[in-house]
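Look at the model below.

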Amino acid sequence: MASHRRPKQPSRARVTVLTTAAAAAVVMSSQAANAAPSEKPSKDEVKAKVDKLYEQAEQATEKYNGAKEKQEKLQKEISTIQDNVAKGQQELNDLRDGLGSMASAQYRSGGIDPSVQLFLSADPDDYLDKASTLDQLSAQQVDSLKKIQEKQRELAQQRAEAAEKLKDLSSTRAELGKKKKEVQGKLASAQKLLNSLTAAEKAQLAEEQNRATRASERDALSVNVPPGSGRAAAAFAAAQSKLGTPYVYGATGPSSFDCSGLTSWAYAQAGVGIPRTSEAQTGAGTKIYSVDQLKVGDLVFFFNDLHHVGLYAGNGQIIHAPRTGTVVRYESMNTIGGPFMFGVRV
């Protein structure tokens, strides 16, 4: 016989839970739909974030430049020390050979002097410390022993110095790799943000930048400010010849530059050697704290940590290599993104 029982109804608690869950899902879906359009940052927000990343990349670039310069310096110093050690070892060998020849001559004439025999089987330092044996040696032998002693001490000191510099070189290379990775990371993040823009937004940013560059160039050329010296004029002319050259971090020319790479290259063309990094370049001459006292060709420094440098172009403008994605150009000191700290007259 067929059953005519009524189907079991869901409990009131279960209905409540299911209803609440469904309502929550609808709310969350609605919130997600409303939030989606605001997730994409505006063109101006992207530009602000990119500019900050480029500033951080330039800070890391100058640290990278400093580590690279230190590495090259250490490599040269180590090479010089190693050459000196090799020469010193040869001199030491010659001194020992000379003393050995004296011993051979004594042997042929009737036997080796006990004092020489003692020397040949002992350390010269220990032997010379025994003053009672010195009167058993000829003046020539005493002189040879003292030279050997001095050369051994000199070589030991040079080898110790080389070992310390090799340790320093190892840590400098590690720092170099760390800073290079940091720069590349900042640049990759900036590029990712730029890639999020539409083609139209990218075109707008490029046009804004081009307008600013053209305005700065007109302002720089509208007045004639005398250069500080023949060297400053020559350095400035060299920088002018590189207008339009791309920025590349760590580059010192002539086909690409970073900020301190451009200034050091420009002064090198004027026959003046200045340090490689922006921070080190602050010590290349006399500091000038007033913009009104700057002359064309003076070095100008920006940001509290002095990580950016350019050449003064007159009328509040500079020539500089700004950052990745740009070229060597004129720009107003008011648009650098960081405060003017001071100038330096080389």
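Phe301 and Phe342 are both buried, meaning under 20% relative accessible area with a 1.4 Å probe, protein chains only. The model is predicted: local features need pLDDT of at least 70, side-chain atom pairs count only at 80 or more, and totals for chains, interfaces and linings use all residues. Residues are numbered from 1 along each chain as its sequence is written, and side-chain values use heavy atoms, without hydrogens and water.

The whole structure holds five aromatic pairs. Rings of Phe, Tyr and Trp (its six-membered ring) pair if their centres lie within 6.5 Å; planes under 30 degrees apart are stacked, over 60 edge-to-face, and the rest tilted. Here are two of the pairs.

| Pair | Centre distance | Plane angle | Type |
|---|---|---|---|
| Phe257 and Trp265 | 5.3 Å | 65° | edge-to-face |
| Phe301 and Phe342 | 5.6 Å | 45° | tilted |

Phe301 sits in strand 2 and Phe342 in strand 6, so their pair ties together parts 41 residues apart in sequence. Strands are DSSP runs of E, at least two residues; helices are runs of H or I, at least four; both are numbered from the N terminus. Ring pairs also link Tyr289 with Phe301 and Phe342 in a cluster. Phe257 and Trp265 are both buried too.

Now the cores. A nonpolar core is a set of buried Ala, Val, Leu, Ile, Met, Phe, Trp, Tyr and Cys residues joined through side-chain atoms within 4.5 Å. The largest has 45 residues, and Phe301 and Ile319 are among those touching the most other members. Helix 2 gives the most to this core, eight residues. Another core lies apart, with nine residues, including Val300 and Met333.

How values were computed. Buried means under 20% relative accessible area, exposed over 50%, partly exposed in between (1.4 Å probe, protein chains only).
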